[in-house]
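Load the model into your viewer and keep the sequence open beside it. We'll walk through it piece by piece.

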Amino acid sequence: MNEQRVAELIRELLKEIGEDPDREGLRRTPSRVARSLAFLMSGYGADLKETINQAVFESHANNMIIIRDIEIYSLCEHHMLPFYGRCHVGYIAAAKVLGASKLARITNCFARRLQIQERLTAQIAREIKSAVNAEGVGVVMECRHLCMMMRGVEKQNSIMTTSSVLGSFHNDAATRAEFLTLIGRPIA
Ligand code: ZN
């Protein structure tokens, strides 16, 4: 991303919405927005393979591993407005497990792009499955979308839930039920 170029575009955008980009409060806004966007969109350039390889450990206990309440911050690709919330991840390791902090790296890598929640959920699940060759993976994500809350239908309290289940989490109802119970979302 060319931050200089992005800053110029933001300056143009400010004029277009009726602002004066030269007034005191806005003078450094274009460069701030450019820097902020470079961070928020850094998932496009992230080298996930490199990150993950250093954090995969041998394990032969094939129990279910659960990590709850991983914070998610992303931008929707339809309005470029934030959506944010939590994601819960579970997987059954075949012979390898992932360092817990690396799960957060995986979620950040895919969240720091223009996204829709459904795709973000599926990409995280697929990445975990392939990183440790897991026999099954489940991801549940609950997010609030500012494009729904601030504009459009103005539904301030609705939370969108998406899920992606792969392998044994998909094929075996008991495994899926165990996962949902462990993340606090048991089937009624
Ligand atoms: Zn949107």
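Helices here are DSSP runs of H or I with at least four residues, strands are runs of E with at least two, and both are numbered from the N terminus. Before going further, a word on ground rules: this is a predicted model, where local features need pLDDT of at least 70 and side-chain atom pairs count only at pLDDT 80 or more, while totals for chains, interfaces and linings use all residues. Residues are numbered from 1 along each chain as its sequence is written, and side-chain values use heavy atoms, with hydrogens and water left out.

Stay with α8 for a moment. This helix spans residues 173-182 and lies across β2, β3, β6 and β7, running at about 70 degrees to β2. That angle is taken between N-to-C directions on a scale from 0 to 180 degrees, using axes fitted to C-alpha atoms, for helices over the stretch in contact; contact means heavy atoms within 4.5 Å. Which residues of α8 are buried? They are Thr175, Phe179 and Leu180. Seen down the helix axis, these buried residues fall within an arc of 135 degrees, so they line one face of α8. The arc is that of the directions from the helix axis to the C-beta atoms, and buried means under 20% relative accessible area (exposed is over 50%, partly exposed in between, with a 1.4 Å probe and protein chains only). Among the elements covering those residues are β2, β3, β6 and α7 (168-171).

Now for the sheet itself. It is open, has five strands in the order β5-β2-β3-β6-β7, and its pairing is mixed. At the edges stand β5 (114-115) and β7 (160-167), each with a single partner strand, so one side of each has no neighbour in the sheet. Strands of a sheet pair through backbone hydrogen bonds, either parallel or antiparallel; here, two strands count as paired if DSSP finds at least two bridges between them.

Next, β2 and β3 run antiparallel with ten bridges, and Glu71 has Arg86 in β3 as its bridge partner. The two strands make a hairpin with five residues between them, and Met80 in the turn has a positive phi of about 55 degrees, although it is not a glycine. β3 is mostly covered, with eight of its eleven residues buried. Ten bridges also join β3 to β6, again antiparallel, and Ile92 stands opposite Gly136 in β6. In the loop between α5 (117-132) and β6 (136-145) sits Asn133, another residue that has a positive phi, about 50 degrees, without being a glycine.

Which protein atoms hold the zinc ion? The donors are Cys76 (SG), His79 (ND1) and Cys147 (SG), at 2.2 to 2.3 Å from it. Donors are N, O and S atoms within 2.8 Å of the metal (3.2 Å for Na, K and Ca), and water is not among the atoms, so sites may look incomplete. In sequence, the spacing is C-x2-H-x67-C. Cys76 in strand β2 (residues 64-76) and Cys147 in helix α6 (residues 146-149) link distant parts of the chain, 71 residues apart. Cys76 counts as buried because its relative accessibility is 5%, and Cys147 is buried too, at 9%.
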